[in-house]
Amino acid sequence: MKKSDLFSMALQNLKNRKTRTKLTVIGVVIGTCAIVIMVSIGVGIDKMVTSQYQSDSTLNKISVYQIIDESNDEQTLPLNDRAVEYLSSIDNVKMVIPTLNIGEKAIISRGKYLTQWVTIKGVDFDAMKEMGYTLNEGSFDNVNKKNTVFFGDEAVTQFYDKQGNQVKFKYDENHKITDCEINPMEDVFFIEPCLYSEEEGKQQSTAANRIRIKVGGVLKHDFKIDYDTYDAVFVDMEFAKELAAQYNKLNSVHNEELNYGEMLVYVDNIDNVDAVQEKIQAAGFGCYSDKEDLDYVKKVMMVVQLVLGAIGAISMFVAAFGISNTMVMSVFERTKEIGIMKVLGCDLDDIKRLFLYEAGTIGLIGGSIGVGISIVISFIANAVARIVVSSMGEMEEGMVVCVSSVPPWLIILGIMFSMLVGILAGLSPAKRSVKVSALTAIHNE
C-alpha cells in the first residue's frame, strides 16, 4: 500500500473520531506549549544578557594585572614598558593601553577645596575615544595634554576643605548633581605632587609645583568601560609620569621603578580573545575579559534551558499517555476493520504503519498548534515586559528587553519532538493491532 494512501486513511480515521482526536490533540498542544515556552524563557534571557554584554562592554578587551605571590606577598612580573612591548608583540593584539593611578602622589585643588586620595588615573588621551569613553560635557579634540584633565561623572564630590567638610551639592530626581559649589567646566583648578605625612596619614599641599589645569570634559559614567568614570580624574599618561617623578623627588623616594596599575589589551577579533588570554597567562600575568563572563553566563543559561525544558517535558509525557490511550481504544473499536484488512491480504507492516501514522499525525497537528500558540504568547510577554520596564524608567536607548524568544530551531524542534512522542506513544497499540486474529475479529463482530 502506498504511503500516501496510508496517510489519507489515517486522516480519515481521525476525522471519524473527531471528539476523541480533538481532546488528544489538546493534550499535545498543552505539552508542546509547556516545553516551547519554558525553553523560550531560557533562550530569551540568554539573548537579552548576550545583547547587553555586546552593547555595554568591549568583548575584545582583556584587562591585564600583576599576580601576587601569596607565599611572600610579593608581586611577580611587573607591568612596565617591557610588558607593554611583549603584550604588543602577541599575534592578533591590536593595541595595548597601560593605565597609572597617581592618586596617592598628587592632589587637585580648587579654592579652599582639595582632593584626598581620589583616583587620578593616567591614560593615553589619544586612545580614549577608541577605548569607548564618552562625555556628558566637553570634547576630546584639540586638548593640551599637559594642562587638561577629564573629570568622572561625580568627581566634583571628592573635594574637601581643610576641616574635612565635603563640597556642597544636591541630587535631582534623576540622581544627577545640581547646585554644586564647583563647576568643573568653568572653575580654575590646580594639580601638584603632594607631601605624604605618615603620622597623620594625609596628603599635604606644598603649592611649590602647582600647575594650573583645565577640565576638558566630564565623562559619562559607564562601569562597563571603566569603573573609574564615576568619580576619578583622568590625566594624560605622560603628564601622570611627570607628576609621579616630582612626587618621588619631593618625598625623597629613590630607585622606584615605574609600574603601571593595569594594562588594557585590545584584540582584533572576539574569536581570538581566548588564544591571546592563554598566551598572557602563560607569560605569568593575570588577566580577565568580559568574554569570560559572557561564556560563563551562556553555560549557565544552557543549564537553565535544559531544566526548564525538562519541566515542560512532564506535560508532554502526560500527553503521550493520552495518545497511547486513544490509539489503544482505536484498536479495540476497529477490530473488525483490522480483520477484514488481513483477510484481504493487507501487509502486516502496512497495518502497523497505519496506526503509527495516526499517532504521528496527532503529534504533528498538536505540535504545530502548540508552537503557534507559544509564538503568540512569547510576543505578548515581550510586549508587556517592554511596557513594564519603560514605565519604571529603566529603559535605555538600544536596550533589548526579551523575556521569551522562539528561534527557528525551537519551532522545528518543538514540532518534531511532538511528532516523535506521538509515534512512540503509538508503537504499543500498533503492535497490538497486528496481533489481532482475522477470523476471531470477524467472528466477534
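**Entry 1: pocket**

I started with the second largest pocket, where β4 gives the most to the lining, with 3 residues. Strands here are DSSP E runs of at least two residues and helices are H or I runs of at least four, numbered from the N terminus. The model is a predicted one: local features need pLDDT of at least 70, side-chain atom pairs count only at pLDDT 80 or more, and totals for chains, interfaces and linings use all residues. I number residues from 1 along each chain as its sequence is written, and side-chain values use heavy atoms, with hydrogens and water left out.

For "pocket" I used a 1 Å grid over the protein atoms alone: an open set of points where a 1.4 Å probe fits, with protein on both sides within 12 Å along at least five of seven lines; lining residues have an atom within 4 Å of a point. The volume is the space filled by probe spheres set on the points, which are joined across faces, edges and corners. This one holds about 470 Å³.

I counted 21 lining residues, with S63, K121, D226, Y227 and E262 nearest the centre. Elements giving two or more residues to that lining are β1 (61-65), β4 (93-101), β18 (262-267), β19 (286-289) and α7 (290-333). The lining splits into 7 nonpolar, 6 polar and 8 charged residues. Charged means Asp, Glu, Lys and Arg; nonpolar means Ala, Val, Leu, Ile, Met, Phe, Trp, Tyr, Cys and Pro; the others, Gly among them, are polar.

**Entry 2: salt bridges**

My rule was a side-chain nitrogen of Lys or Arg within 4 Å of a carboxyl oxygen of Asp or Glu, and it gave 13 salt bridges. K121, D226 and D228 are linked in a network of them.

I then looked at D274 and K291, whose closest N and O atoms are 3.2 Å apart. D274 is in helix α6 and K291 in helix α7, so the pair ties together parts 17 residues apart in sequence. K291 is buried at 12% relative accessible area, while D274 is partly exposed at 34% (buried is under 20%, exposed over 50%, partly exposed in between, with a 1.4 Å probe and protein chains only).

Next came E242 and K146, at 3.5 Å, N to O. E242 sits in helix α5 (residues 237-250) and K146 in the loop between β8 (135-138) and β9 (148-151), so this bridge joins parts 96 residues apart.

**Entry 3: whole chain**

I found 11 helices and 19 strands. Of the 445 residues, 43% count as buried.
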